[in-house]
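Visitor: I've never looked at this one before. Could you walk me through it, one question at a time?

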Amino acid sequence: MKHTKVVRKIIYAIVGVFSYPGLVIFNHLKITGTEHLRNLPKKNVLFVSNHQTYFMDVITFFHIFAAVKWGKKNGLGIPYYLLNPFTRVYYVAAEETMRGSWVSRFFTLAGALTVKRTWRPEGKEVRKGLDPSDTRKINRALENNWVITFPQGTTTPFAPGRKGTALIIKTNKPIVIPVVINGFWRAFNKKGLKFKKTGSLLTVKFKEPLQIDYDATSEAIMEKVMDSIEQSKKFLLEGPHNWVNAEMKNMVSRVS
């Protein structure tokens with residue numbers, strides 16, 4: 001059913017109506033970089049993004065893609081775009097997450113490419129690399145659509161990227177658009193279906209397509225991807241939390 005255009009449009013409209021107030025009315029959504037989306041082909045485009053909630057991140061992308069299709073620039077405005085949304089987009093999600101509730105099962109119809117996790121939340125690796133059937137699933141989706149993936153596979157900030165993303169890039173040679181989001185963890189719970197705090201600033205920044213050497217090693221490609229979504233060690237060391245830690249160390253040294 002999720003491959004049927006009419007079904008996808010109905011799902012997008014229902015999800016869009018219920019999620020729109022949380023993005024625009026109860027919080028403040030700031031979008032930048034949609035000019036990088038306007039001339040993209042309708043297939044073999046891979047969006048790589050950091051991840052803060054299970055569902056609201058993806059739902060926000062759906063809103064933005066539909067709004068851009070209707071000529072919007074860095075904003076949603078009145079959501080009349082839900083009358084005919086852009087539906088040629090899939091997203092990669094953990095199979096066990098999408099089986100978690102009737103809501104997640106329903107949202108699977110919006111275009112989930114469910115994959116088996118290669119690790120557990122506590123960081124334990126249970127399998128090396130993506131399952132071949134999962135890889136084929138993503139490859140087939142890229143043949144005629146856009147695909148959204150979260151290379152870290154977790155909402156934990158600065159978690160390492162999974163090399164399966166590099167394999168997808170090397171195999172399909174897609175246009176890769178990096179996306180950096182922020183504020184969603186503050187506004188919504190982990191699933192992204194309930195408010196934690198209203199009045200939050202939600203930011204979504206689309207960057208220009210990455211210049212990638214598809215013959216480079218998987219490690220080199222992943223390093224470029226993680227830098228582009230601002231989740232690499234370089235950005236970790238530049239983060240405000242490190243400034244706090246440095247200040248605490250300075251205070252301790254002054255006391256001693």
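Visitor: Is threonine 165 buried or exposed?
Guide: This is a predicted model, where local features need pLDDT of at least 70, side-chain atom pairs count only at pLDDT 80 or more, and totals for chains, interfaces and linings use all residues. Residues are numbered from 1 along each chain as its sequence is written, and side-chain values use heavy atoms, with hydrogens and water left out. Buried means under 20% relative accessible area, exposed over 50%, and partly exposed in between (1.4 Å probe, protein chains only). Threonine 165 has a relative accessible area of 6%, so the word for threonine 165 is buried.

Visitor: Which residues is threonine 165 in contact with, leaving aside its neighbours within four places in sequence?
Guide: Threonine 165 sits in helix 6, which covers residues 164–172; helices (H or I, at least four residues) and strands (E, at least two) are DSSP runs, numbered from the N terminus. Contact means heavy atoms within 4.5 Å. With the close sequence neighbours set aside, the partners of threonine 165 are Val48, Thr149, Pro151 and Met222.

Visitor: How is helix 6 placed against helix 8: roughly parallel or roughly perpendicular?
Guide: The two axes come within 9 Å and cross at roughly 105 degrees; axes are lines fitted to C-alpha atoms, for helices over the stretch in contact, and angles run from 0 to 180 degrees between N-to-C directions. Angles under 35 degrees count as roughly parallel, over 145 as roughly antiparallel, 65 to 115 as roughly perpendicular and the rest as oblique. That makes helix 6, relative to helix 8, roughly perpendicular.

Visitor: In what order do the strands of the open sheet stand?
Guide: Two strands pair if DSSP finds at least two bridges between them. Strand 2 and strand 6 run parallel with five bridges, while strand 6 and strand 7 run antiparallel with four. Strand 2 also runs parallel to strand 5, again through four bridges. Overall, seven strands with mixed pairing give the order 1-7-6-2-5-3-4.

Visitor: Which strands stand at the edges of that sheet?
Guide: Look for strands with a single partner, because one side of each is then left without a neighbour in the sheet. That picks out strand 1 (28–32) and strand 4 (112–115).

Visitor: Which residue stands opposite phenylalanine 47?
Guide: Look in strand 6, where six of the eight residues are buried. The residue of strand 6 opposite phenylalanine 47 is isoleucine 177.

Visitor: How are helix 1 and helix 2 placed: roughly parallel or roughly perpendicular?
Guide: Their axes are 10 Å apart and the packing angle is about 105 degrees. In this contact, Tyr12, Val15, Gly16, Ser19, Tyr20 and Leu23 of helix 1 meet Met56, Ile59, Thr60, Phe62 and His63 of helix 2. Those residues divide into seven nonpolar, four polar and no charged. The two helices are therefore roughly perpendicular.

Visitor: What is phi of asparagine 44 near?
Guide: Most residues other than glycine have a negative phi, and most peptide bonds are trans. Asparagine 44 lies in the loop between strand 1 and strand 2, and its relative accessible area of 23% makes it partly exposed. Its phi is a positive value, near 55 degrees.

How values were computed. Ala, Val, Leu, Ile, Met, Phe, Trp, Tyr, Cys and Pro count as nonpolar, Asp, Glu, Lys and Arg as charged, and the others, Gly among them, as polar.
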